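Colleague: I am new to reading models like this one, and I would like to go through its labels slowly with you. Could you bring it up first?

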Amino acid sequence: VIYPPHSKLTDKEKTNICYLSFPDSNSGCLGDTQFCFRFRRSPGRKVSLCCFLDQLDRDLPVYLKKDSAYYYGYVYFRQVRDKSLKRGYFQKSLVLISKLPYVHLFRTMLKQIAPEYFEKSEAFLEAVCSDVDRWPPPVPGKVLQLPIMGVIMKLRIPTYRDKPGTTPIVQNMHQADAQISMALPTVHEVDLFRCFCPVFFHIQMLWELVLLGEPLVVMAPSPAESSETVLALVSCISPLKYCSDFRPYFTIHDSEFKEYTTRTQAPPSVILGVTNPFFAKTLQHWPHIIRIGDIKLPGEVPKQVKVKKLKNLKTLDSKPGVYTSYKPYLNKDEEILKQLQKGVQQKRPTEAQSVILRRYFLELTESFIIPLERYVASLMPLQKCISPWKSPPQLRQFSQDDFMKTLEKAGPQLTSGLKGDWIGLYRHFLKSPNFDGWFRSRQKEMTQKLEALHLEALCNENLVFWSQKHTEVETVDLVLKLKNKLLQADREHLPVKTDTLKKLQTHINDIILALPDDLQDILLKTGTT
């Protein structure tokens, strides 16, 4: 059953969703289980919401921007004994499909509606859909109130302007009417400490592997653990965006199974979460494997676990740990480990432990990325090089050697006390998909800034005076170019003040009015491409 009924999915998408919506039989998930998966959209499908979501996407932090090539599936699965059924069990999944990576929001929503749906059947889903139809647009930065079956979920979607590592608190206001309200502390974060607890002593090495876009497999006993761990790994390099593919739950039926498990080429830059024992054999050749047991709430200090050799990983029953021959570039930070261990001994709540761990990862990532940000900013041409009568100047080329030279005086040592081979880590990172994605987005931002500065330079010129000194052909050419500039500013959402655009439009109108009548008619009618 699909709701709303007009939603269109291709056969391939349906097959992927069906296989990904149930735990592998070996998982033995009795009772209720929640997890999430991610799958590729079939190419060539038009989606009407695209342009609407694109506008909202601009204000999101880079790691929350949607990836139009993928969908997320959020699953609530129930398996209970039922003698009246042929298989002896009731097994059903309610799955919510979305482009948005708001894991915590949709998990909370499913917790509200799935148990009732299993009791009440399909008519209940219609009621849920009519509630969702009343939701306001997912505007970043606003406190949103989302009604769902008698409950109001209150939340705030982060914006790129938020200071990294801070979460504005959404107050739980008292409702005047009978509706219960529930404030969500986050829309997208997972319980970081609970996820990393089984591999506690390797958090820094895992941060390096994710940063470098290395192929990683998480082998877990159930989809709930595999999906949470994969999402925790992807989020540990925030505010950097993880630019490769990641699959919180991946099965042997997946349409990308052959592509990702082939031995004819090196494993791709991807993080896979798996539960089927078959993968222990199929992915034996992968360089980094994380094996986790049951994620229990940490009531005891984890034991110190050595990094294991890959050849020791024969089956999915192997002991939990990290199997790899990778040698970390940075020395281990004993301080964070002591701090978290102390928290476990003092029975500090897992949410508080997660806050400490998230801050640690954030500071590590920022120490790493600030020298790159500083160097890339130096590639921007000076403002005095921008002439209204020439095309905007180009950014200077990124030079690895020049960047490496800046590290001696302005490297990560300014913000981090960690010792180790930072240079080696940067060299490796510059070859990774994460660097490529980060640099492309920086390039785009800076090019748009140059276009905006060029527009401002044009606005500050006396364009009517210029047109009086030039031929009609040159003036018409200028008008068409200026019109195109305005269209570009709108189309690419250039960072230009509204006043600047109005001023430019006034310049255009003034120039046109100074031209002969026949040309005025043509230019006032002419839209540009």
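Colleague: In which helix do Asp477 and Lys481 both lie, and how many residues apart are they?

Modeller: Both lie in helix H16 (residues 472-491), four residues apart, about one turn of the helix; helices here are DSSP runs (H or I, at least four residues), numbered from the N terminus. This is a predicted model, in which local features need pLDDT of at least 70, side-chain atom pairs count only at pLDDT 80 or more, and totals for chains, interfaces and linings use all residues. Residues are numbered from 1 along each chain as its sequence is written, and side-chain values use heavy atoms, with hydrogens and water left out.

Colleague: What makes the contact of Lys120 and Glu116 a salt bridge?

Modeller: The term asks for a side-chain nitrogen of Lys or Arg within 4 Å of a carboxyl oxygen of Asp or Glu, and the N to O distance for Lys120 and Glu116 is 2.6 Å, so the pair qualifies.

Colleague: Why is Lys405 called exposed?

Modeller: Exposed means over 50% relative accessible area, buried under 20%, and partly exposed in between (1.4 Å probe, protein chains only); Lys405 has 62%, so Lys405 counts as exposed. Its salt-bridge partner Asp402, at 39%, counts as partly exposed.

Colleague: How do you know that Cys197 is in no disulfide?

Modeller: A search of the whole structure finds zero disulfides. A disulfide needs a pair of cysteine sulfur atoms within 2.5 Å, whereas the nearest cysteine sulfur to Cys197, that of Cys195, is 9.9 Å away. Cys197 is also buried, with a relative accessible area of 10%.

Definitions and conventions:
Helix = DSSP H or I, 4+ residues; strand = E, 2+ residues; numbered from the N terminus.
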